[in-house]
Amino acid sequence: MDRSKDPSKEAVVFRCIRSDGMKYDEARFPADHKPADEATVRSYCDRLGAMIAEQVYPGSLQSFTLEGLPEFYQLRVRARTDSKTRNDTFLYGFPEHEDEKEKKKTKAKKQAALKSFRSPAEFFDHLLWLITDATNDEKNCACRFCKPPSVSQEETQEATTSSQPKSGPVPPHVISKSRSASPAARTSAKKTGGAVLTPKAVPSPSIPQAQLSVQHAAQPVAQQLPVQPAMKTPMQPAAQPTVQPAAQPTVQPVAQPVAQPTAQPIAQPTAQPQPPAQPAVQSQTQIKSDESVLFREGEVVWFRKQSSTFRLGIVVQSTHGDPTSTPISRIKPLAHYQADLGIEERSDADLRPFLTYSVPKVQPQLEEYAHQPMEQLQWQALETLLPYADTQRGEYLCLEASKIAASRVDHSYSLFNPLQNPNLSPNHLSFGGVFFGCEKINVFEAVRVHVEADEHPQWDNADLTFVMVLKGIVLEKTEQGERLLFGGDIWVLQDSKDEQAPNQDQMPPAMRREKAFRDEVVKKYGYHCDWLLLRNNTVKTEKFIKGRFYESQKLGPMLYQGQAGQTWDDYIREGIIPTIQKSLNRRLDSWGATIGRLPTRRDAFAGAIPPNFPLSLGPRVFEQPRGT
């Protein structure tokens, strides 16, 4: 459908997170099929972006484009004999399956031709499947190459286009599947989940999004927005307005290094309860911890609403500490205070950490309200602004409100369990934990950290896992304002054939469990895993803290469910442990204005839940009274 675009508006950039593309030797391509130049590729992506937009934002006057072709797909051109200015295009990269390779070995001596898509329209069905199908089952793809034999009698026969594939969240994919030193390394196609994370992008919730992220062209890539699952923008409008998580984030390092604070180094706090009038906070070594719990009370998570859609909610109760029952989390969906949505119960398999997906921007009609206090808005009056049927506006408004709420939480923090630390100056206040955006972090735990060039020669290697073991969480108060500081030791995770590094048993439990798991996987190849200490007693500002450290054994099976052709168990059997840390966004990747410190965790959810709804923040969490 033709429509005039508004040149005053920036183009919206879609990013395809997932790829099934395969890299081929140059000799496999026809000699007259030359790599397309940048302008031709850009034009091709513009056409694909416009086709996606018809599914996501039908009727929009905005301009759209696709950031780039899925990984290992490459566009080639052949000069036309009937035109000096036009070329035929061929999009290569469609994977050869093992059975196809065997067939080709038995065919003619000449190697069979590679499959190629002849136009953006022909490739679009496959692209839409990459973006929306959570099962990664090729039978759900309507493209001419994925149709099963029962539908397509000949391998090259064009299949009839079917209805749109089911959309749903598509988890991040492996970016690097093999270690150079591992015998399991192989030269197969890389299936990757591109950016998800992790930048965040654009409005319009109505549809299930999956491996697609959306961004405004003028905005930095690190600013992605997810709506539904692994993507950052919704796909086809669905009857249900469920938010789907965004795809695997391409977390970008902090571009502007924050100067090392001149304040005294944060010494390991001698945990003592503060004023007697406050409930006692036990010594950190005695406090029962929820450090082994994947989804903690008080955190914002993605929960599965239906088979292919995810929504945002708060964990209000977890039974993970009860060995007599199956772990279940009770989730309060995020919305607005005038919509009291019921409690949802989910197992870990139907939950995802908030930083797994990205949150998309709100509908353009609500943008001017997105940065106003949620508790001051008359939400029912805002329903009339949404371009949906009267019967759907209430659901869509809750969806839009959940995006605003999640962004607000991500850009704020609140501290708990104040500690007396005589080693700190009066303008430094020590705490035992922080609700850091959508996550809960405690002292003596590991967090994902951004390191700088002077801290490690491969500081920007996304395959390496850098963590900080927190010794202290400190609020610094000066005339210029407040600053949140994290103090501790920085470690890096590496494979090794040398003797075990020292002090491996002195790390937090999660790091020890990670090492034990990895050692078991790679021991048959003569390797083991070591945590190597990089820096002692380092201080970082909040911009350098990416978020919680998640154990591969717990989160990996959720992220690798066959989207790249193999499941998590398949990789483990081959001695390959995909890096899950780079599949996560980092705090503040979402859109929205900085809010900073809030008095309590409830303040972060103001206007997103009914004012009297009871919140549980986990074992022995004490928040200071307001005004302190």
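Rings of Phe, Tyr and Trp (for Trp, the six-membered ring) make a pair if their centres lie within 6.5 Å. Keep that in mind as you work through this predicted model.

**Exercise 1.** Find out how many aromatic pairs the structure holds, then classify the pair Y73 and F123.

*Solution.* The count comes to 15 aromatic pairs. For Y73 and F123, start with the distance: the ring centres are 5.4 Å apart, and the cut-off is 6.5 Å. Next, the angle: planes under 30 degrees apart count as stacked, over 60 as edge-to-face and the rest as tilted. The planes of Y73 and F123 are at 50 degrees, so this pair is tilted. Now look at where the two sit. Y73 is in the loop between β3 (64-66) and β4 (74-79), while F123 is in helix α3 (residues 120-132), so the pair links parts of the chain 50 residues apart. Both Y73 and F123 are buried.

**Exercise 2.** Which residues do ring pairs link into a cluster with Y73?

*Solution.* Follow the ring pairs and you get a cluster of Y73, F94, F117, F123 and F145.

**Exercise 3.** Over which rings do the charged ends of R18 and R76 sit?

*Solution.* R18 has its charged end over the ring of W129, 5.0 Å from the ring's centre. For R76, the ring is that of F29, with 3.8 Å to the centre.

Definitions and conventions. Residues numbered from 1 in each chain as written. Predicted model: local features only at pLDDT ≥ 70, side-chain atom pairs only at ≥ 80, totals over all residues. Heavy atoms only, no water. Helix = DSSP H or I, 4+ residues; strand = E, 2+ residues; numbered from the N terminus. Buried < 20%, exposed > 50% of the residue type's maximum accessible area, 1.4 Å probe, protein only. Lys NZ or Arg CZ within 6 Å of the ring centre and 35° of its normal.
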